[in-house]
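Hi,

Here is the structure I promised to pass on. Have a look at it first, then read my notes below.

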Amino acid sequence: MSIARLGALAVDVSDMAAWEHLLVDILELDTRPRGAETDPLLVRLDDRPHRLALYPAAQDRIRRVTWEVDSPGELRELADAVAAEHIDIEWTHADSEDAPNAVSAFRFRDRDGFATEICWGPLADHHPVQTGGVISGFVTGELGLGHVVYMCEDYPAAVDFYTRVLGFELTDYIAWDGADATFLHCNARHHSLALMNECFGFQGGDFNHLMIETATLDDVGRAYDRVKAAGIGLKMTLGRHTNDGVTSFYLSTPSGFGIEIGWGGDLVGEDWAVRTYGSPARWGHEVQKAR
């Protein structure tokens with residue numbers, strides 16, 4: 001009984017034009033046409049109807065993080081496990097209002113308030129995804145969308161919930177400058193979720209970043225050049241991580257959180273050894289001050 005992969009991210013955004021400029025004009029990602037100003041901007045990376053959904057709103061917030069399981073039995077078992085923690089859950093189906101892009105799902109908020117959806121039977125789109133001249137493709141499939149990083153008020157309790165209740169497994173740790181991070185995997189991707197203590201001005205319930213992995217290193221380089229040339233703010237410069245080996249940079253989104261665009265992530269196998277690192281970067285990844 002475990003989460004199988006990260007499925008999608010939905011965000012309420014107050015500046016849709018800025019998001020469209022970033023995702024469509026700068027990164028040239030495949031998006032579905034919006035029929036009306038109230039419609040979400042749906043972003044495709046692969047054979048899914050979308051991996052990122054942006055909803056027009058008065059305030060910016062994470063609307064939903066979607067995780068996937070591989071069977072209806074696992075979905076029911078996880079729902080029972082979450083409910084046993086005295087957390088309210090809500091079941092949704094394909095004919096529900098604000099329906100999931102899956103056969104069935106349930107939703108809840110974790111102890112830090114992160115809006116969470118767990119689904120079974122995600123939909124596929126038979127239309128080929130359109131790739132632009134910037135990024136040639138993404139590493140998804142059985143590895144899922146990428147990873148997300150949460151800031152936690154009660155960091156040990158969050159690690160306990162996601163491992164004991166949702167079945168994530170420990171990959172490794174990084175501890176540096178008052179920051180503690182636990183990296184968790186649910187498939188061969190080095191981590192699909194990382195949990196951190198309150199540090200660097202972040203509070204519990206803050207969404208740190210979404211990571212998406214490109215097909216080639218050149219994809220990262222082209223995206224980096226485009227983002228810098230367009231004057232899009234960076235959270236961290238180009239660098240390489242100590243623990244997962246990813247070469248990446250972090251851009252600042254119009255909603256305030258980061259998107260990490262990276263390549264070359266290590267895969268977790270049976271011989272994986274858990275380690276603790278004293279720095280997050282082998283080189284680069286210089287933190288940029290907010291403008």
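Eight strands make up an open sheet of mixed pairing, ordered β2-β3-β4-β1-β5-β8-β7-β6 (strands are DSSP E runs of at least two residues and helices H or I runs of at least four, numbered from the N terminus; two strands pair if DSSP finds at least two bridges between them). The edges are β2 (30–31) and β6 (90–93), each pairing on one side only.

This is a predicted model, where local features need pLDDT of at least 70 and side-chain atom pairs pLDDT 80 or more, while totals for chains, interfaces and linings use all residues. Numbering starts from 1 along each chain as its sequence is written, and side-chain values use heavy atoms, without hydrogens or water.

Back to the sheet: β1 (residues 5–13) and β5 (residues 61–69) run antiparallel, joined by seven bridges. Across that pair, L6 stands opposite W67 in β5.

Now for α4, residues 217–229. Which of its residues are buried? They are D219, V220, A223, Y224 and V227 (buried means under 20% relative accessible area, exposed over 50%, partly exposed in between, with a 1.4 Å probe and protein chains only). They lie on the same side of α4, because they cover an arc of only 130° around the axis (taken from the directions from the helix axis to the C-beta atoms). The face turned away from them carries the exposed D218 and A229.

After α4 comes G231, with a positive phi near 75°.

Cheers

How values were computed: The expected span of a helix is 1.5 Å times one less than its number of residues.
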